[in-house]
Amino acid sequence: MATVTSGAPAGAVADLWVAAWSEALDELELDLAGAEAVLRDAHLASVGEVARAAAWHPRSDLGPLPATLHVRAQALLDRQLDTARRTAEAITRSRRQIAATRALQGRPADAAAVYVDAEA
């Protein structure tokens, strides 16, 4: 976000403020679209995608949300909440599938395969 000097006209400051918030919402929307694509395509995220998501920090230099962007921000929040719900459902399905697979293998859930290097 561009820094505004105290001598700048109020309209210019407001325009920069709305533009900064619009940019932040654009970035958030792209991240959300990526998460939705992972859920839709049912594939694992790459290590890079997980690292980028883990390194994300909310911007703290924006101030309050402009009223003109409230509807867009609310729609984005609703999508985020839906994506979080669907992610939790996918995790639950995966855990159930793992449990069923282990049950079919006839071994306890905490049993792990052990390999011994006999030539060492």
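A pocket, in these notes, is an open set of points on a 1 Å grid over the protein atoms alone, where a 1.4 Å probe fits and protein lies on both sides within 12 Å along at least five of seven lines; its lining residues have an atom within 4 Å of a point. I am working from a predicted model, in which local features need pLDDT of at least 70 and side-chain atom pairs pLDDT 80 or more, while totals for chains, interfaces and linings use all residues. Numbering runs from 1 along each chain as its sequence is written, and side-chain values use heavy atoms, without hydrogens and water.

**Entry: H1 against H3**

I looked up how helix H1 (residues 10-41) packs on helix H3 (residues 70-105) and found an angle of about 25°, with the axes 10 Å apart. Helices here are DSSP runs of H or I with at least four residues, numbered from the N terminus. The axes are lines fitted to C-alpha atoms over the stretch in contact, with angles from 0 to 180 degrees between N-to-C directions. H1 and H3 are therefore roughly parallel, a label for angles under 35 degrees. I noted a left-handed crossing of H1 past H3, meaning that the near helix is turned anticlockwise from the far one by less than a right angle.

Next I checked the contact (heavy atoms within 4.5 Å). On the H1 side I found, among others, Leu25, Leu28, Leu32 and Glu36, and on the H3 side, Leu76, Arg79, Thr83 and Thr87 are included. By class, I have nine nonpolar, four polar and six charged residues. Nonpolar covers Ala, Val, Leu, Ile, Met, Phe, Trp, Tyr, Cys and Pro; charged covers Asp, Glu, Lys and Arg; the others, Gly among them, are polar.

**Entry: the largest pocket**

I noted about 1,000 Å³ of space in the largest pocket, a volume being the space filled by probe spheres set on grid points joined across faces, edges and corners. Of its 27 lining residues, Gly34, Ala35, Val38, Ala45 and Thr87 are closest to the centre. H3 gives the largest share of this lining, 10 residues. The lining divides into 15 nonpolar, seven polar and five charged residues.

**Entry: the second largest pocket**

Here I found a volume of about 300 Å³. Of the 16 lining residues, Trp21, Ala24, Leu28, Trp56 and Leu62 are closest to the centre. This time H1 gives the largest share, six residues.

How values were computed
Helix = DSSP H or I, 4+ residues; strand = E, 2+ residues; numbered from the N terminus. Parallel < 35°, antiparallel > 145°, perpendicular 65-115°, else oblique.
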